[in-house]
Amino acid sequence: MATERELKQAKSVYDTVCAMLDDREISYDKHEDDFVVKCTVRGEDLPMDILIIVRPEQQIVSLISPIGFDIPEDKRIDVALAVNIANYGIIDGSFDYDIGDGDLRFRMTSSFRESILGKDLFDYMLMVSAITIDHYNDKFLMLAKGMITLEQFAKADKK
């Protein structure tokens, strides 16, 4: 269980996340009891659901974006390889993939232990995540639907 100090620091981080979203005029749902913010941002093609979770005990803030489509069983190995291809070139954040159930999500995490994080960091997390997700989500979808091959995914990633 989080200490009073950890909860106080988490609340400060949570309030800063909300202030950043307010500054960007992004509408969001607040879940103050568990320090979670939910919003949707729009890229060039598919909308991106974003969860920002402040974890007091671990002293981290995580941005998680579930990739909102099912991956058929017969495409899961190809998608696993595609995730590896994508992650190799990503500088910050990564795609997490459960090959067992096909769950695919993007995650970026930052620690606030012994730190004071500002709106600029959360703006960075949101923007870099959105750009990265937007770059890959349609390619993952096309691969999952058999519209492109793994080789085409890899070739497009090198551009």
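How are helix 2 and helix 4 oriented to each other: roughly parallel or roughly perpendicular? Good morning. I shall answer that question with the predicted model shown above.

Two packed helices are described by the angle between their axes and the distance between those axes. Helix 2, residues 76–89, and helix 4, residues 150–157, pack at an angle of about 10°, and their axes lie 10 Å apart. Angles under 35 degrees count as roughly parallel, and helix 2 and helix 4 are therefore roughly parallel to each other. On the side of helix 2, the contact involves Asp78, Leu81, Ala82, Ile85 and Ala86; they meet Leu150, Phe153, Ala154 and Asp157 of helix 4. Of these contact residues, 7 are nonpolar, 2 are charged and none is polar.

Phe153 also belongs to an aromatic cluster, together with Phe95, Phe106, Tyr136 and Phe140. Across the whole structure, a search finds 7 aromatic pairs. Tyr14 lies in helix 1 and Phe35 in the loop between strand 1 and strand 2, 21 residues apart. Both residues are buried.

I turn now to charged side chains. The count comes to 8 salt bridges. Arg24 and Asp123 form a salt bridge with an N to O distance of 2.3 Å. This pair links distant parts of the chain, 99 residues apart. Arg24 is partly exposed, at 38% relative accessible area, and Asp123 is partly exposed as well, at 23%. Finally, a network of salt bridges links Lys11, Asp15, Lys30 and Glu32.

Terms used
Residues numbered from 1 in each chain as written. Predicted model: local features only at pLDDT ≥ 70, side-chain atom pairs only at ≥ 80, totals over all residues. Heavy atoms only, no water. Axes fitted to C-alpha atoms, helices over the stretch in contact; angles between N-to-C directions. Helix = DSSP H or I, 4+ residues; strand = E, 2+ residues; numbered from the N terminus. Parallel < 35°, antiparallel > 145°, perpendicular 65-115°, else oblique. Contact = heavy atoms within 4.5 Å. Nonpolar A, V, L, I, M, F, W, Y, C, P; charged D, E, K, R; others polar. Phe/Tyr/Trp six-rings, centres within 6.5 Å; stacked < 30°, edge-to-face > 60°. Buried < 20%, exposed > 50% of the residue type's maximum accessible area, 1.4 Å probe, protein only. Salt bridge = Lys/Arg side-chain N within 4 Å of Asp/Glu carboxyl O.
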